Amino acid sequence: MPSDAAPDYDIRAIDTVVNLITPEILKTRPDWTDDFYTSTVKREARVTKGYSYVQTLEMMDTAGIERAFLVAARIGQPGLVGSWALPYETVYEAVKAHPDRFYGLAGIDPTAGMDAVRELERAVKDYGFIGAHGYPHWFELAPDHARWYPIYAKCVELDIPILLQVGQSLIYEPRRPLRSVGRPITFDAVACDFPELKLCGIHIGIPWTDEMIAMAWKHPNVHIIADAHAPKHWPAQFVRYIDSYGQDKVLFGTDFPVLSFERMRSELEALGLRDEPKRKFLRSNAIRLFNLDLPD
């Protein structure tokens, strides 16, 4: 697409990774949050004030985004420096307020054992959440660690996808630097052991993008979510993958507020993806993978 062309937002996108940051939620987050958003990922200072549901929806509308999957995040073990959790009930309230726009994803603490399994089941059966979400680096447990396996089994039983961060982790809480345990190659054992599991690697896998592509190419049940990294910085091979033989394996996401909805959408349009792969990426693949009752 020429750089001076008006963006084509005829495709109503589905954003598969969104973090609510209302003013109320921000008050509960750990001290590292503001500096992370403004200094590490270079968002405007306005982000530290938070956004209401209505403001979030207005920004989604501007970017042509119809639906958002809201993460009830589990960030590290309770009691450890920098850790934090967003109650499932908080995301459920947002979904209830705007059921035509929001869905819930249940954050996972793999160290919680069967309590985490039971909590996930309640989130799906009682709250209608449509998937699970995990940060391996926050627990320094790679995706192929045994402590994740009960969660994988429950996801298969519930027929829901699980989203796990892959690639390099950043420094969030300076007093507690975390190891980058999310190498995409660790999906290999998981996909072999759980061929029915809908397994999604979020954050593209940078700097191991080729590994992430290889896992999605090898395993029918492995997908990639292209969030947290601005499209203008995506590796060329990843753009080719979306636009060609990987067009059925990649889903759109922002990781808002890490990236704004509008920036993600405008930079995506500038990539010049072909019409059919772009529709699959922005919408159709999410509808299929998450069993959504929506038109393609």
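## A walk through the core, helix pairs and loops

Let's start at Met-264, which sits in helix 11 (residues 261–269); helices (H or I, at least four residues) and strands (E, at least two) are DSSP runs, numbered from the N terminus. The model is predicted, so local features need pLDDT of at least 70 and side-chain atom pairs count only at pLDDT 80 or more, while totals for chains, interfaces and linings use all residues. Residues are numbered from 1 along each chain as its sequence is written, and side-chain values use heavy atoms, with hydrogens and water left out.

Met-264 has a relative accessible area of 1%, so Met-264 is buried (buried means under 20% relative accessible area, exposed over 50%, partly exposed in between, with a 1.4 Å probe and protein chains only). Not counting residues up to four places away in sequence, Met-264 touches Ala-226, Asp-227, His-229, Pro-231, Trp-234, Phe-252, Gly-253, Thr-254 and Leu-259, where contact means heavy atoms within 4.5 Å. The C-alpha atoms of Met-264 and His-229 are 8.6 Å apart, although 35 residues separate the two along the chain.

Trp-234 also leads us to the largest nonpolar core, where Leu-120, Ile-162, Trp-234, Phe-238, Phe-281, Phe-290 and Leu-292 touch the most other members out of 102 residues. Such a core is a set of buried Ala, Val, Leu, Ile, Met, Phe, Trp, Tyr and Cys residues joined through side-chain atoms within 4.5 Å. Strand 2 (residues 65–72) gives the largest share of this core, six residues. Ile-162, for its part, has partners that include Ala-132, Ile-151, Cys-155 and Leu-199.

Now for the helix pairs. Two packed helices are described by the angle between their axes and the distance between the axes. Here axes are lines fitted to C-alpha atoms, for helices over the stretch in contact, and angles run from 0 to 180 degrees between N-to-C directions. Helix 9 (residues 209–218) packs on helix 10 (residues 236–243) at about 25 degrees, with the axes 9 Å apart. That makes helix 9 roughly parallel to helix 10 (angles under 35 degrees count as roughly parallel, over 145 as roughly antiparallel, 65 to 115 as roughly perpendicular and the rest as oblique). Thr-209, Asp-210, Ile-213, Ala-216 and Trp-217 of helix 9 meet Gln-237, Phe-238 and Tyr-241 of helix 10. Phe-238 and Tyr-241 are among the buried residues of helix 10, as are Val-239, Ile-242 and Asp-243. Their cover includes helix 9, strand 9 (222–226), strand 10 (250–252) and helix 12 (275–289).

The axes of helix 5 (residues 114–127) and helix 7 (residues 149–158) come within 9 Å and cross at roughly 25 degrees, so helix 5 and helix 7 are roughly parallel to each other. On the helix 5 side the contact involves Ala-116, Val-117, Leu-120, Glu-121, Val-124 and Lys-125, and on the helix 7 side Pro-150, Ile-151, Lys-154, Cys-155, Glu-157 and Leu-158.

Finally, the backbone. Most residues other than glycine have a negative phi, and most peptide bonds are trans. A cis peptide bond, with omega about 10 degrees, joins Ile-206 and Pro-207, and Pro-207 lies in the loop between strand 8 (199–202) and helix 9. Another cis bond, with omega about 10 degrees, links Phe-256 to Pro-257, in the loop between strand 10 and helix 11. Ala-228 has a positive phi near 75 degrees and lies in the loop between strand 9 and helix 10; its relative accessibility is 17%, so Ala-228 counts as buried. Asn-291, in the segment after helix 12, has a positive phi near 55 degrees.
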